[in-house]
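Please look over the model shown here.

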Amino acid sequence: MNRFPHPFLLCSITIFLFLSCQPYKLVQEEKQQSYSVSSPLHINTGDNAIYKASIRLFNNDLSGLFVMVNADSLYKVGFLSEMGIKFFDMIIAQNSYEVVYCMEALDRKPVLNAIARSLRFILEDPAKHDGDYYADKDNNIIYKSDGNDRWKRKYYLENNRIEKIKGRRFIRNRLFINLSYNNNKQPENIIFLQRGMRMRIEMTKLQTEVDSRDKH
Amino acid sequence: MKTFLITLFCSFYFTAYGQSDFRPVQDIDAVGRKLDNMAKSLNSIQSDFHQEKYMDFLDVTLVSKGKFWFQKENSLRWQYTEPYNYIVVINDGVVQISDDGKDQEFQVKGNRIFEQVNNIIVASMKGDVIDNDDFDVRLFENDQYYLVRLKPLKREVSQVIHEMEMYFEKTSLQISKIRMNEPNDDYTLIRYTNRKINEPIPASVFTL
């Protein structure tokens, strides 16, 4: 008995696979040269950004404030409740993160991994991961890179600003980030959707009185 | 070595009190009675507040402002107006939160930390903080204030709050500011201004 599938079946599968893949290859993506991409948050060294945030994770809700400080090549991030109770502090580096403090109830590695990864996508300079610029069929400019952390990234640019980020690691883990601006350099609203984790983070920029020099 | 450590600790202790001019209260019972009498005469408070949250790791101080209302026995409305709108109402053991128009509600009893924080806030407003079994209470004074230092004895609270400092004005015996020190060097300082005592508050204030 022939243990291999019928040659006709093999041919059909092969043709089907080729044709299925074809549309992706045919998307009008042309390499572009004259663009540059930088971190969506644009936090200068020593400066900070504060966002009001709500996190929905496996049907649990948590709200508070994200405070992000550019400490040279690292980012210090704190998340605290509106009333001032701290949830966690962490340091985010290019390929790693370190939790400095975390409230016991939140101290779950997959959760902290997902939050750190989401923030890294908007804090890091995309150009640090070697990539190329493309134009798609609608003439949108996309910066594509393979991160050093096994996450493939696509940054969608409009008016020289990143409006959307898509991240993918293997098939299951996907991260979608939408950024909207209101005449500012920094995005006014940021929405993160992490498919593998069923996590959604919504962040809104806060205009607040901040003092990062005087200790009390 | 042990003597050296004790000396070192004492020198820090007295230096700290020397700087802030606070000394231990001698007649704790008398001050306790004063605060207790004030608590008994108190029916309501309305006040503005100014909150500073200092985060040592980030070296950042966040400032927020708002208003609060307290009505005996346990009704409280804590409303942030700057830099965001956020309201917490505690009434009859129910917590209601309004976050930029999104409302939620839960029971205080189901949340041990919230229950503790609620007890502290209400007790501080009423002034009956001395007789509190959940804290190690110490009393200090200077010319202007009575300072009540509370160290939580329960683990779930001490993980979040290392120590609370409550400053009562000596003249009015009303609370002037609260400082919550966290296990790291972070702290939250809340100052109360424009206080109105025992003025009627509409019941609608304690609902969202």
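Predicted model: local features only at pLDDT ≥ 70, side-chain atom pairs only at ≥ 80, totals over all residues.

Chain A has 216 residues, and chain B has 208. Chain B and chain A bury about 2700 Å² between them. Over all chains, the structure holds 17 salt bridges.

**Chains**

- Chain A contains two helices and 14 strands.
- Chain B contains four helices and twelve strands.
- In chain A, 42% of the residues are buried.
- In chain B, 50% of the residues count as buried.
- Contacts in chain A with a separation of 6 or more include 43% between residues 24 or more positions apart.
- For chain B, 46% of the contacts between residues at least 6 apart join residues at least 24 apart.

**Nonpolar cores**

- In soluble globular proteins, nonpolar side chains tend to be buried together.
- The largest nonpolar core here has 95 residues.
- Those with the most contacts inside this core are A:Phe66, A:Met68, A:Phe88, A:Leu119, A:Ile122, A:Leu123 and A:Met203.
- Helix α2 of chain A, residues 109–123, gives this core its largest share, nine residues.
- Beyond its neighbours within four places in sequence, A:Leu123 touches A:Ser39, A:Leu41, A:Ile43, A:Met68, A:Tyr75, A:Val77 and A:Ile92.
- A second, separate core has six residues, among them B:Val89, B:Ile201, B:Val205 and B:Phe206.

**Interface between chain B and chain A**

- The size of an interface is often given as the accessible area lost when the parts come together.
- Of the area of about 2700 Å² buried here, carbon and sulfur atoms give 58%.
- B:Phe57, B:Leu58 and B:Tyr84 lose the most area in chain B to chain A, together 24% of what that side buries.
- In contact terms, 31 residues of chain B meet 34 residues of chain A.
- Seven residue pairs are in polar contact between the two chains, both residues at pLDDT 80 or more.
- Two salt bridges are counted between chain B and chain A.
- On the side of chain B that touches chain A, β2 (44–55), β3 (60–71), β4 (75–82), β5 (86–91) and β12 (187–197) each supply at least two residues.

**Charged pairs around A:Lys86**

- Side chains of opposite charge can pair when their charged atoms come close.
- A:Lys86 forms a salt bridge with B:Asp186, at 2.4 Å from N to O.
- B:Asp186 has 2% relative accessibility, so B:Asp186 counts as buried.
- A:Lys86 is also buried, with a relative accessible area of 3%.
- A:Lys86 also meets A:Asp89 in a salt bridge, at 2.6 Å from N to O.
- A:Asp89, like A:Lys86, is buried.

**Other salt bridges**

- B:Lys67 and B:Asp48 meet in a salt bridge, at 3.0 Å from N to O.
- B:Lys67 lies in strand β3 of chain B and B:Asp48 in strand β2, so the pair ties together parts 19 residues apart in sequence.
- B:Lys67 counts as partly exposed, because its relative accessibility is 39%.
- A network of salt bridges links A:Lys52, A:Glu82 and B:Asp99.

- A:Asp136 sits in the loop between β7 (131–135) and β8 (141–146) of chain A.
- A:Asp136 is buried yet has no salt bridge.
- The nearest side chain of opposite charge belongs to A:Lys164, 7.5 Å away.
- A polar atom of the A:Asp136 side chain lies 2.9 Å from the backbone nitrogen of A:Asn140.

**A:His129**

- A:His129 is placed in the loop between α2 and β7 of chain A.
- A:His129 counts as buried because its relative accessibility is 1%, and buried means under 20%.
- The C-alpha atoms of A:His129 and A:Lys152 are 9.8 Å apart, and the two residues are 23 residues apart along the chain.

Key:
Residues numbered from 1 in each chain as written. Chains lettered and ligands numbered in written order. Heavy atoms only, no water. Buried < 20%, exposed > 50% of the residue type's maximum accessible area, 1.4 Å probe, protein only. Lys, Arg positive; Asp, Glu negative; His and termini not counted. Salt bridge = Lys/Arg side-chain N within 4 Å of Asp/Glu carboxyl O. Polar contact = N/O pair within 3.5 Å; in protein donor to acceptor, adjacent residues only side chain to side chain. Core = buried A, V, L, I, M, F, W, Y, C linked by side-chain atoms within 4.5 Å. Contact = heavy atoms within 4.5 Å. Buried area = accessible area lost by both parts, 1.4 Å probe.
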